[in-house]
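User: Here is the entry I want to go through. For each label, please tell me what the value is and which cut-off it meets.

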Amino acid sequence: MVDYTAIATPPKCIADFCLIPIGTASPSVSTEIAAVQRLMKASGLTYEMHSAGTTVEGPWDAVMRLIGQAHTLVHQNGIARVQTDIRVGSRTDKEQTMRQKVEKVESLLKET
């Protein structure tokens with residue numbers, strides 16, 4: 001019989017998430033996203049903001065905790081509801097950073 005409570009999380013991951021504050025005073029959410037970006041910087045994890053979200057890499061548990069902390073931060077700033085879409089990937093065959101993934105595709109584009 002499998003002890004499902006003993007299954008570990010992957011050691012590392014790359015997660016791309018889009019945090020959506022719901023019920024803000026205006027359609028703009030830049031103030032809330034700026035607060036989240038300050039949190040990302042303080043975390044010490046590698047991250048990159050883009051036009052539709054943030055990509056962050058590191059130990060699985062640290063990445064998931066950081067995304068949860070982003071929710072709490074936005075709630076603490078007066079937003080009652082937060083929705084987040086997350087895409088997360090992990091590998092066991094090799095270590096690869098988010099920068100290395102982009103560089104690989106860019107190198108292939110130079111070949112053609």
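**Labels and their grounds**

User: Why is R91 called partly exposed?

Analyst: R91 has a relative accessibility of 41%. Buried means under 20%, exposed over 50%, and partly exposed in between, with a 1.4 Å probe and protein chains only as cover. R91 therefore counts as partly exposed. The model is predicted, so local features need pLDDT of at least 70 and side-chain atom pairs pLDDT 80 or more, while totals for chains, interfaces and linings use all residues. Residues are numbered from 1 along each chain as its sequence is written, and side-chain values use heavy atoms, without hydrogens or water.

User: What makes D93 and R91 a salt bridge?

Analyst: Their side chains meet at 2.6 Å, N to O. D93 itself is exposed, at a relative accessible area of 58%.

User: How many salt bridges does this rule give?

Analyst: The count comes to three. One of them joins K12 to E95, with the closest N and O atoms 3.1 Å apart. K12 lies in strand 1 and E95 in the loop between strand 4 and helix 3, so this pair ties together parts 83 residues apart in sequence. D16 also forms a salt bridge, with R87, at 2.7 Å between the closest N and O atoms. D16 belongs to strand 1 and R87 to strand 4, so here the tied parts are 71 residues apart in sequence.

User: Is D16 buried or exposed, and which label does R87 get?

Analyst: D16 has 13% relative accessibility and therefore counts as buried. R87, at 59%, counts as exposed.

User: What shows whether the length of helix 2 agrees with its residue count?

Analyst: Helices are DSSP runs of H or I with at least four residues, strands are E runs of at least two, and both are numbered from the N terminus. The expected span is 1.5 Å times one less than the number of residues. Helix 2 has 17 residues and should span 24 Å; its end C-alpha atoms are 24 Å apart, so the two agree. Helix 1, with 14 residues, should span 20 Å, and its end C-alpha atoms are 20 Å apart, which agrees as well.

User: Which residues of helix 2 are buried, and how do you know where around the axis they sit?

Analyst: W60, V63, L66, I67, A70, H71 and V74 are buried in helix 2. They cover an arc of only 145 degrees (taken from the directions from the helix axis to the C-beta atoms), which puts them on the same side of helix 2. On the other side of helix 2, D61, R65 and Q76 are exposed. The buried residues of helix 2 pack against strand 1, helix 1, strand 3 and strand 4.

User: And helix 1: which residues are buried there, and what covers them?

Analyst: E32, A35, V36, Q37, L39 and M40 are buried in helix 1. Their cover includes strand 1, strand 2, strand 3 and helix 2.

Definitions and conventions. Contact = heavy atoms within 4.5 Å. Salt bridge = Lys/Arg side-chain N within 4 Å of Asp/Glu carboxyl O.
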